Amino acid sequence: MSQDINATVIYQNEKSQIRIVKGSVVDMHVDAIVNAANSSLLGGGGVDGAIHRAAGPGLLEECRTLNGCRCGEAKITGAYNITNAKHIIHTVGPIYSGSPQDAELLASCYKNSLDLALENGCSSIAFPGISTGVYGYPIAEAAQVSLHTVQDWINTHPDVAMDVYFCCFRDSELDAYMRLQ
């Protein structure tokens, strides 16, 4: 699947690209959208609530069978009523504390989400700002961790074609990614 809205390419190799998009992951036309979930996977606020509302009750039913998710890990479900995606990848980011472990856990969210996307035949994925809402991760730091992690993942998978989108719902998120170019 390809994205038809305005996106800025911030990194690419022969097969993959990383793009910045102003908007919500719910609106993306990709194989997988990523949900910045809480550990229960049963819905919440922010992007988690928006995804659960858009996907409908089938998503909640499937999430109940997954027995939650630990911080840094990821699990995959169907997209249900979100018809512009095939899958939802749920990942639980860290609650920001300022420790070095925060960056390691955040990086794991991105790496594990990409691994799951690849295992499930996806060639495009859209990420929200994981942990940058109520979990308090500073947007500039989170943008740097996410970009470097995804670049490293792409570089260690040179034969994989993966279009990655960082969806910036707020202007402050978009500004943080644009500064990294």
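The structure is a predicted model, in which local features need pLDDT of at least 70 and side-chain atom pairs count only at pLDDT 80 or more, while totals for chains, interfaces and linings use all residues. Residues are numbered from 1 along each chain as its sequence is written, and side-chain values use heavy atoms, with hydrogens and water left out.

**Overall fold**

- The protein has five helices and seven strands; helices (H or I, at least four residues) and strands (E, at least two) are DSSP runs numbered from the N terminus.
- Along the sequence the pattern reads β-β-β-α-α-β-β-α-β-α-β-α.
- For 181 residues a compact globule would have a radius of gyration near 16 Å, and the 15 Å of the protein agrees with that. This radius is taken over C-alpha atoms, and the globule rule is 2.2 Å times the number of residues to the power 0.38.
- Taken along the principal axes, the C-alpha atoms fill a box of roughly 40 × 35 × 30 Å.
- Of the 181 residues, 51% count as buried, where buried means under 20% relative accessible area, exposed over 50%, and partly exposed in between (1.4 Å probe, protein chains only).
- Contact means heavy atoms within 4.5 Å. Among contacts with a separation of 6 or more, 66% are between residues 24 or more positions apart.

- In strand β5 (residues 87-91), five of five residues are buried.
- His87, Ile89 and Thr91 point one way from β5, Ile88 and His90 point the other way, and all are buried. In a regular strand the side chains alternate between the two faces of the sheet.
- Two strands count as paired if DSSP finds at least two bridges between them.
- Strand β3 (residues 32-36) runs parallel to β5 and is joined to it by five bridges, with Ala32 opposite His87.
- Strand β4 (residues 74-78) pairs with β5 in the antiparallel sense, also over five bridges, and here Ile76 stands opposite Ile89.

**Helix α2**

- The buried residues of helix α2 (residues 57-64) are Gly58, Leu59 and Cys63. They fall within an arc of 135° seen down the axis of α2, so they line one face of the helix. The arc is that of the directions from the helix axis to the C-beta atoms.
- The face of α2 turned away from the buried side carries the exposed residues Pro57, Glu61 and Arg64.
- The cover over the buried residues of α2 includes α1 (46-55), β4 and β5.

**Nonpolar cores**

- A nonpolar core is a set of buried Ala, Val, Leu, Ile, Met, Phe, Trp, Tyr and Cys residues joined through side-chain atoms within 4.5 Å.
- The largest core has 37 residues, of which Ile18, Ile89, Ile125, Phe127, Val164 and Phe166 touch the most other members. Helix α4 (residues 139-156) supplies the largest share of this core, eight residues.
- Another core, apart from the largest one, has 22 residues, among them Val26, Ala37, Leu41 and Cys63.

**Cysteines**

- With a disulfide defined as a pair of cysteine sulfur atoms within 2.5 Å, the count is zero.
- Cys109 is in no disulfide, and the nearest cysteine sulfur, that of Cys71, is 5.6 Å away. Cys109 is buried, with a relative accessible area of 0%.
- Cys167 is also in no disulfide, and the nearest cysteine sulfur, that of Cys168, is 7.4 Å away. Cys167 is buried at a relative accessible area of 4%.
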